[in-house]
Amino acid sequence: MPDAYTNMPELPDLELDKRQVDAHAVGRTVRAVTVRDKRVLEQPASTLERGVKGRRFAHSERHGKNLFIHLDDGHALLMHFGMTGYLKFAKSDETLQKSEAVVFELDDDRRLSYCSRRMLGRIELVETVQDYLDAHRIGPDALSLDARGFRERLGQRGGLKAALMDQSKLAGLGNVYSDETLFQAGLHPRTPLNALKEDDFVRLFRCMREVLETAIEHEGKRPELPADWLTPHRHEDERCPRCGSPWSVAQVGGRTTFWCPKDQPER
Ligand SMILES: [Zn+2]
(Lines give C-alpha, C1' and ligand atoms only; values in the text may rest on other atoms or scores of the structure.)
Protein backbone atom coordinates (compact mmCIF):
# COMPACT_ATOMS: atom_id res chain seq x y z
CA MET A 1 0.00 0.00 0.00
CA PRO A 2 2.17 2.90 -1.19
CA ASP A 3 1.41 6.27 0.32
CA ALA A 4 1.31 8.63 -2.62
CA TYR A 5 0.85 11.60 -0.31
CA THR A 6 3.97 11.21 1.79
CA ASN A 7 5.59 14.32 0.40
CA MET A 8 2.60 16.56 0.66
CA PRO A 9 3.73 19.88 2.14
CA GLU A 10 2.95 20.44 5.82
CA LEU A 11 3.66 23.28 8.24
CA PRO A 12 7.49 22.94 8.28
CA ASP A 13 7.65 22.94 4.48
CA LEU A 14 5.51 26.07 4.34
CA GLU A 15 7.68 27.76 6.95
CA LEU A 16 10.68 27.18 4.69
CA ASP A 17 8.76 28.58 1.72
CA LYS A 18 7.97 31.64 3.80
CA ARG A 19 11.66 32.14 4.58
CA GLN A 20 12.45 31.94 0.86
CA VAL A 21 9.80 34.52 0.10
CA ASP A 22 11.11 36.80 2.86
CA ALA A 23 14.66 36.51 1.52
CA HIS A 24 13.94 36.93 -2.18
CA ALA A 25 10.52 38.47 -2.80
CA VAL A 26 9.50 40.71 0.11
CA GLY A 27 10.26 44.34 -0.67
CA ARG A 28 10.21 43.73 -4.41
CA THR A 29 7.69 45.21 -6.80
CA VAL A 30 5.94 42.94 -9.28
CA ARG A 31 6.56 44.09 -12.84
CA ALA A 32 4.36 41.53 -14.54
CA VAL A 33 2.21 38.52 -13.76
CA THR A 34 1.73 35.68 -16.20
CA VAL A 35 -0.73 32.89 -15.65
CA ARG A 36 0.51 29.93 -17.67
CA ASP A 37 -1.89 27.35 -16.31
CA LYS A 38 -5.33 28.47 -15.18
CA ARG A 39 -6.07 25.21 -13.42
CA VAL A 40 -4.37 26.42 -10.23
CA LEU A 41 -6.57 29.51 -10.07
CA GLU A 42 -9.73 30.00 -8.05
CA GLN A 43 -10.60 33.21 -9.92
CA PRO A 44 -10.21 34.66 -13.42
CA ALA A 45 -6.58 35.07 -14.48
CA SER A 46 -7.23 38.77 -15.11
CA THR A 47 -8.17 39.29 -11.44
CA LEU A 48 -4.84 37.93 -10.32
CA GLU A 49 -2.83 39.66 -13.04
CA ARG A 50 -4.43 43.07 -12.56
CA GLY A 51 -4.47 42.81 -8.77
CA VAL A 52 -0.80 41.97 -8.35
CA LYS A 53 0.92 43.78 -11.23
CA GLY A 54 2.64 46.93 -10.02
CA ARG A 55 2.17 46.04 -6.35
CA ARG A 56 4.96 45.53 -3.87
CA PHE A 57 5.27 42.33 -1.84
CA ALA A 58 5.10 43.92 1.62
CA HIS A 59 5.50 40.96 3.98
CA SER A 60 4.55 37.32 4.26
CA GLU A 61 2.61 35.22 6.69
CA ARG A 62 2.33 31.47 7.11
CA HIS A 63 -0.81 30.01 8.57
CA GLY A 64 -0.86 26.23 8.81
CA LYS A 65 -0.26 24.91 5.31
CA ASN A 66 -1.12 28.25 3.72
CA LEU A 67 1.28 30.98 2.69
CA PHE A 68 0.09 34.56 2.28
CA ILE A 69 2.12 37.31 0.66
CA HIS A 70 0.70 40.67 1.70
CA LEU A 71 0.62 43.33 -1.00
CA ASP A 72 1.20 47.02 -0.34
CA ASP A 73 -2.48 47.78 -1.05
CA GLY A 74 -3.72 45.58 1.81
CA HIS A 75 -4.73 42.57 -0.27
CA ALA A 76 -2.92 39.27 0.02
CA LEU A 77 -1.82 36.57 -2.32
CA LEU A 78 -2.69 33.12 -1.01
CA MET A 79 -0.61 30.10 -1.98
CA HIS A 80 -1.54 26.56 -1.07
CA PHE A 81 0.64 23.83 -2.47
CA GLY A 82 -1.65 20.82 -2.69
CA MET A 83 0.28 17.61 -3.13
CA THR A 84 3.11 18.63 -5.38
CA GLY A 85 3.28 22.39 -5.42
CA TYR A 86 6.38 24.45 -4.69
CA LEU A 87 7.95 27.86 -5.21
CA LYS A 88 10.81 28.58 -7.51
CA PHE A 89 13.06 31.61 -7.76
CA ALA A 90 15.05 32.14 -10.94
CA LYS A 91 16.67 34.83 -13.03
CA SER A 92 14.20 36.35 -15.47
CA ASP A 93 16.09 35.13 -18.51
CA GLU A 94 16.21 31.50 -17.39
CA THR A 95 14.12 29.15 -19.52
CA LEU A 96 10.65 28.63 -18.11
CA GLN A 97 9.78 25.12 -17.01
CA LYS A 98 6.43 23.53 -17.76
CA SER A 99 5.60 23.32 -14.06
CA GLU A 100 5.79 27.12 -13.58
CA ALA A 101 2.05 27.77 -13.50
CA VAL A 102 2.03 31.40 -12.38
CA VAL A 103 5.03 33.66 -12.84
CA PHE A 104 5.70 36.94 -11.04
CA GLU A 105 8.41 39.06 -12.66
CA LEU A 106 10.15 41.05 -9.94
CA ASP A 107 11.94 44.39 -10.23
CA ASP A 108 15.38 42.86 -9.66
CA ASP A 109 15.36 40.82 -12.88
CA ARG A 110 14.34 37.70 -11.06
CA ARG A 111 11.09 35.85 -11.03
CA LEU A 112 9.06 34.01 -8.45
CA SER A 113 7.10 31.10 -9.86
CA TYR A 114 4.31 29.16 -8.29
CA CYS A 115 4.85 25.64 -9.58
CA SER A 116 2.51 22.72 -9.53
CA ARG A 117 2.95 19.51 -11.45
CA ARG A 118 -0.42 17.99 -10.84
CA MET A 119 -2.39 21.20 -10.63
CA LEU A 120 -3.83 20.44 -7.24
CA GLY A 121 -2.56 23.55 -5.52
CA ARG A 122 -4.27 26.87 -5.31
CA ILE A 123 -3.25 30.47 -5.78
CA GLU A 124 -5.65 33.31 -5.20
CA LEU A 125 -5.79 37.03 -4.57
CA VAL A 126 -7.76 37.54 -1.34
CA GLU A 127 -9.22 40.60 0.37
CA THR A 128 -7.74 39.78 3.75
CA VAL A 129 -6.13 36.76 5.36
CA GLN A 130 -8.89 36.54 7.95
CA ASP A 131 -11.60 36.47 5.27
CA TYR A 132 -9.87 33.53 3.66
CA LEU A 133 -9.36 31.65 6.91
CA ASP A 134 -13.00 32.18 7.90
CA ALA A 135 -14.37 31.17 4.50
CA HIS A 136 -12.32 27.97 4.51
CA ARG A 137 -12.87 27.24 8.20
CA ILE A 138 -9.16 27.14 8.97
CA GLY A 139 -8.38 27.04 12.69
CA PRO A 140 -5.38 28.59 14.49
CA ASP A 141 -1.86 27.76 13.35
CA ALA A 142 -0.51 24.75 15.24
CA LEU A 143 2.57 26.66 16.41
CA SER A 144 0.51 29.59 17.68
CA LEU A 145 -1.24 27.54 20.36
CA ASP A 146 -0.27 27.05 23.98
CA ALA A 147 -0.92 23.75 25.76
CA ARG A 148 -4.33 24.79 27.00
CA GLY A 149 -5.43 26.15 23.62
CA PHE A 150 -4.20 22.97 21.96
CA ARG A 151 -6.33 20.82 24.22
CA GLU A 152 -9.38 23.02 23.71
CA ARG A 153 -9.03 22.94 19.95
CA LEU A 154 -8.74 19.14 19.82
CA GLY A 155 -11.97 18.79 21.78
CA GLN A 156 -13.45 15.63 23.24
CA ARG A 157 -15.00 13.80 20.31
CA GLY A 158 -13.57 11.43 17.75
CA GLY A 159 -10.17 9.87 17.23
CA LEU A 160 -6.82 11.44 17.93
CA LYS A 161 -5.16 11.34 14.52
CA ALA A 162 -8.23 12.58 12.67
CA ALA A 163 -8.38 15.53 15.09
CA LEU A 164 -4.70 16.39 14.65
CA MET A 165 -5.14 16.52 10.88
CA ASP A 166 -8.41 18.46 10.99
CA GLN A 167 -7.41 21.92 9.72
CA SER A 168 -10.49 23.50 11.28
CA LYS A 169 -9.23 22.46 14.73
CA LEU A 170 -5.58 23.38 14.26
CA ALA A 171 -3.81 24.19 11.03
CA GLY A 172 -0.54 22.76 9.78
CA LEU A 173 -0.30 19.06 10.56
CA GLY A 174 -0.78 16.55 7.77
CA ASN A 175 -0.34 12.83 7.51
CA VAL A 176 3.40 12.53 8.09
CA TYR A 177 3.86 14.90 11.02
CA SER A 178 0.72 13.80 12.82
CA ASP A 179 2.02 10.20 12.68
CA GLU A 180 5.40 11.40 13.93
CA THR A 181 3.83 13.36 16.79
CA LEU A 182 1.79 10.32 17.87
CA PHE A 183 4.86 8.09 17.66
CA GLN A 184 6.89 10.46 19.83
CA ALA A 185 4.04 10.71 22.34
CA GLY A 186 3.51 6.94 22.43
CA LEU A 187 -0.17 7.29 21.55
CA HIS A 188 -2.15 5.05 19.21
CA PRO A 189 -3.61 7.01 16.26
CA ARG A 190 -7.11 5.72 16.94
CA THR A 191 -7.13 6.68 20.63
CA PRO A 192 -10.49 8.33 21.38
CA LEU A 193 -9.95 11.92 22.51
CA ASN A 194 -12.10 11.33 25.57
CA ALA A 195 -9.72 8.57 26.71
CA LEU A 196 -6.81 11.00 26.99
CA LYS A 197 -5.65 12.19 30.39
CA GLU A 198 -4.29 15.61 31.24
CA ASP A 199 -0.66 14.45 31.04
CA ASP A 200 -1.31 12.82 27.64
CA PHE A 201 -2.37 16.19 26.22
CA VAL A 202 0.65 17.89 27.74
CA ARG A 203 2.99 15.27 26.28
CA LEU A 204 1.24 15.34 22.91
CA PHE A 205 1.51 19.11 22.74
CA ARG A 206 5.20 19.05 23.64
CA CYS A 207 5.86 16.36 21.01
CA MET A 208 3.96 18.25 18.31
CA ARG A 209 6.04 21.38 18.87
CA GLU A 210 9.25 19.37 19.00
CA VAL A 211 8.39 17.56 15.76
CA LEU A 212 7.47 20.72 13.85
CA GLU A 213 10.42 22.75 15.10
CA THR A 214 12.91 19.96 14.47
CA ALA A 215 11.53 19.43 10.96
CA ILE A 216 12.02 23.15 10.26
CA GLU A 217 15.61 22.93 11.58
CA HIS A 218 16.21 20.03 9.18
CA GLU A 219 14.81 22.16 6.33
CA GLY A 220 11.94 19.75 5.86
CA LYS A 221 14.26 17.00 4.61
CA ARG A 222 12.36 14.02 5.92
CA PRO A 223 15.00 11.32 5.37
CA GLU A 224 17.43 13.44 7.44
CA LEU A 225 15.26 13.68 10.54
CA PRO A 226 16.63 12.01 13.70
CA ALA A 227 17.25 8.29 13.19
CA ASP A 228 15.08 7.29 16.15
CA TRP A 229 12.04 8.98 14.59
CA LEU A 230 9.34 7.27 12.55
CA THR A 231 9.54 9.47 9.45
CA PRO A 232 12.99 8.41 8.13
CA HIS A 233 11.80 4.79 8.40
CA ARG A 234 8.34 5.36 7.03
CA HIS A 235 8.24 2.36 4.75
CA GLU A 236 6.41 -0.92 5.13
CA ASP A 237 9.60 -2.98 4.90
CA GLU A 238 11.19 -1.04 7.75
CA ARG A 239 10.83 -1.38 11.48
CA CYS A 240 10.41 0.79 14.54
CA PRO A 241 13.86 2.28 15.29
CA ARG A 242 13.14 2.12 19.02
CA CYS A 243 12.00 -1.47 19.55
CA GLY A 244 12.45 -3.25 16.21
CA SER A 245 8.76 -4.12 15.75
CA PRO A 246 7.40 -4.14 12.20
CA TRP A 247 5.17 -1.10 11.64
CA SER A 248 1.42 -1.34 11.83
CA VAL A 249 0.01 0.28 8.69
CA ALA A 250 -3.67 1.02 8.11
CA GLN A 251 -6.04 3.72 6.97
CA VAL A 252 -6.85 6.07 9.83
CA GLY A 253 -8.77 9.28 9.20
CA GLY A 254 -8.72 8.38 5.50
CA ARG A 255 -4.92 8.38 5.27
CA THR A 256 -2.24 5.70 5.28
CA THR A 257 -1.04 5.68 8.87
CA PHE A 258 2.10 4.18 10.40
CA TRP A 259 2.51 3.35 14.07
CA CYS A 260 4.46 1.02 16.33
CA PRO A 261 2.19 -1.65 17.85
CA LYS A 262 4.46 -1.93 20.89
CA ASP A 263 5.28 1.72 21.64
CA GLN A 264 1.81 2.98 20.75
CA PRO A 265 -0.56 0.41 22.26
CA GLU A 266 -4.30 0.66 21.75
CA ARG A 267 -6.34 1.88 24.69
ZN1 LIG B 1 8.51 0.46 18.68
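1. The interface between domain 1 and domain 2 buries about 860 Å², and carbon and sulfur atoms give 71% of that area. Buried area here is the accessible area (1.4 Å probe) that two parts lose on being put together, summed over both. On the domain 1 side, Leu 11, Pro 12 and Lys 65 lose the most area to domain 2, together 54% of what that side buries. This is a predicted model: local features need pLDDT of at least 70 and side-chain atom pairs count only at pLDDT 80 or more, while totals for chains, interfaces and linings use all residues. Residues are numbered from 1 along each chain as its sequence is written, and side-chain values use heavy atoms, with hydrogens and water left out.

2. Domain 1 covers 11–135 and domain 2 covers 142–259; such bounds come from an automatic or database domain assignment. The centres of the two domains, taken over C-alpha atoms, are separated by 29 Å. Domain 1 brings 10 residues to the contact and domain 2 brings 14 residues, where contact means heavy atoms within 4.5 Å.

3. Across the interface of domain 1 and domain 2 the rule finds 1 salt bridge. The term stands for a side-chain nitrogen of Lys or Arg within 4 Å of a carboxyl oxygen of Asp or Glu. The structure as a whole holds 22 salt bridges. One of them joins the side chains of Asp 13 and Arg 222, at 2.9 Å from N to O.

4. The zinc ion has Cys 240 (SG), Cys 243 (SG), Cys 260 (SG) and Asp 263 (OD) as its protein donors, at 2.0 to 2.3 Å. Donors are N, O and S atoms within 2.8 Å of the metal (3.2 Å for Na, K and Ca); water is not among the atoms, so sites may look incomplete. The arrangement is tetrahedral because the 4 donor atoms subtend angles of 99 to 120 degrees around the zinc ion. Four donors count as tetrahedral if all angles lie between 85 and 135 degrees. For reference, the ideal angle for four tetrahedral donors is 109.5 degrees.

5. The spacing of the zinc donor residues in sequence is C-x2-C-x16-C-x2-D. Cys 243 sits in the loop between helix H7 (198–217) and strand E9 (248–252), and Cys 260 in the segment after strand E10 (255–259), so this pair ties together parts that are 17 residues apart in sequence. Helices (H or I, at least four residues) and strands (E, at least two) are DSSP runs, numbered from the N terminus. Cys 243 is partly exposed at a relative accessible area of 29%, whereas Cys 260 is buried at 0%. Buried means under 20% relative accessible area, exposed over 50%, and partly exposed in between (1.4 Å probe, protein chains only).

6. Two further salt bridges can be set side by side. Asp 37 and Arg 39 meet through their side chains at 2.9 Å, N to O; Asp 37 counts as buried at 14% relative accessibility, and Arg 39 is exposed at 60%. Arg 111 forms a salt bridge with Glu 100, with the closest N and O atoms 2.9 Å apart. That pair links distant parts of the chain, with Arg 111 in strand E7 (residues 110–116) and Glu 100 in strand E6 (residues 100–106), 11 residues apart. Both Arg 111 and Glu 100 are buried.

7. Asp 228 is partly exposed at 39% relative accessibility, and Arg 242 is partly exposed at 40%. Elsewhere, salt bridges that share partners join Glu 15, Arg 19, Arg 62 and Asp 141 into one network.

8. Helix H6 (residues 175–185) has 11 of its 11 residues buried, so it is largely enclosed by the rest of the structure. Among these buried residues are Tyr 177, Asp 179, Glu 180 and Phe 183. The buried residues of H6 pack against helix H1 (11–24), helix H5 (160–165), H7 and E10. Gly 186 follows H6 and has a positive phi, near 65 degrees.

9. Thr 214 is part of helix H7. Its relative accessibility of 9% makes Thr 214 count as buried. Apart from neighbours within four places in sequence, Thr 214 is in contact with Leu 225, Pro 226 and Trp 229.

How values were computed: Tetrahedral: all angles 85-135°; square planar, octahedral: opposite > 155°, others 65-115°.
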